[in-house]
Amino acid sequence: MEKVTLQVEGMSCGHCVKAVEGSVGELAGVSAVKVNLENKSVAVEFDADKVSLDTIKETIDDQGYDVK
């Protein structure tokens with residue numbers, strides 16, 4: 001398992017948390033997702049053999065947020 005913390009701009013409320021955690025959490029290979037609004041970050045634990053970091057970033061981007 002790999003762990004990464006991404007900086008994500010544009011998240012500001014509970015709906016944002018639900019959108020990001022829900023969409024990323026549904027990806028095959030993702031075992032944990034935790035959004036921190038205060039730090040503007042998303043911590044993800046995933047199996048790199050099943051899902052790429054680029055796919056995770058694209059999924060967050062598709063929800064309307066800017067991954068740094």
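The structure is a predicted model, in which local features need pLDDT of at least 70 and side-chain atom pairs count only at pLDDT 80 or more, while totals for chains, interfaces and linings use all residues. Residues are numbered from 1 along each chain as its sequence is written, and side-chain values use heavy atoms, with hydrogens and water left out.

**Overall fold**

- The protein has 2 helices and 4 strands, and from the N terminus on these elements run β-α-β-β-α-β. The radius of gyration is 11 Å, close to the 11 Å that the globule rule gives for 68 residues, so the protein is as compact as a globular protein of that length.
- Helices (H or I, at least four residues) and strands (E, at least two) are DSSP runs, numbered from the N terminus. The radius of gyration is taken over C-alpha atoms, and the globule rule is 2.2 Å times the number of residues to the power 0.38.
- The C-alpha trace spans about 30 × 20 × 20 Å along its principal axes.
- Among contacts (heavy atoms within 4.5 Å) between residues at least 6 apart in sequence, 61% join residues at least 24 apart.

**Surface and charge**

- Of the 68 residues, 35% count as buried. Buried means under 20% relative accessible area, exposed over 50%, and partly exposed in between, with a 1.4 Å probe and protein chains only.
- The protein exposes about 4,100 Å², and carbon and sulfur atoms supply 43% of this area. Accessible areas come from the Shrake-Rupley method with a 1.4 Å probe; for residues, only the protein chains shown count as cover.
- The mean positions of the 7 positive and 13 negative charges are 6 Å apart. Lys and Arg count as positive and Asp and Glu as negative, without His and the chain ends; the charge is placed at NZ of Lys, CZ of Arg, CG of Asp or CD of Glu.

**Helix residues**

- Ser-23 lies in helix 1, residues 14-25, and is buried at a relative accessible area of 14%. The side chain of Ser-23 reaches the backbone oxygen of Ala-19 at 2.9 Å.
- Leaving aside neighbours within four places in sequence, Ser-23 is in contact with Thr-59 and Gln-63.
- Ile-60 belongs to helix 2, residues 53-62, and is buried, with a relative accessible area of 0%.
- Residues up to four places away in sequence not counted, Ile-60 touches Leu-6, Val-8, Val-20, Val-24, Val-42, Tyr-65 and Val-67.
- Ile-60 and Leu-27 are 33 residues apart in sequence, with their C-alpha atoms 11 Å apart.

- Lys-40 sits in the loop between strand 2 (30-36) and strand 3. Lys-40 is not a glycine, yet has a positive phi of about 55°; at 38% relative accessibility, Lys-40 is partly exposed.
- Ser-41 is part of strand 3, residues 41-46, and counts as buried at 8% relative accessibility.
- Beyond its neighbours within four places in sequence, Ser-41 has contacts that include Thr-5, Leu-6, Gln-7 and Val-8. Lys-34, Val-35 and Asn-36 are also among the contacts of Ser-41.

- Gly-10 is located in the loop between strand 1 (2-9) and helix 1, and is exposed at 55% relative accessibility.
- Not counting residues up to four places away in sequence, Gly-10 touches Cys-16 and Tyr-65. Gly-10 and Tyr-65 are 55 residues apart in sequence, but 5.4 Å apart in space, C-alpha to C-alpha.

How values were computed:
Polar contact = N/O pair within 3.5 Å; in protein donor to acceptor, adjacent residues only side chain to side chain.
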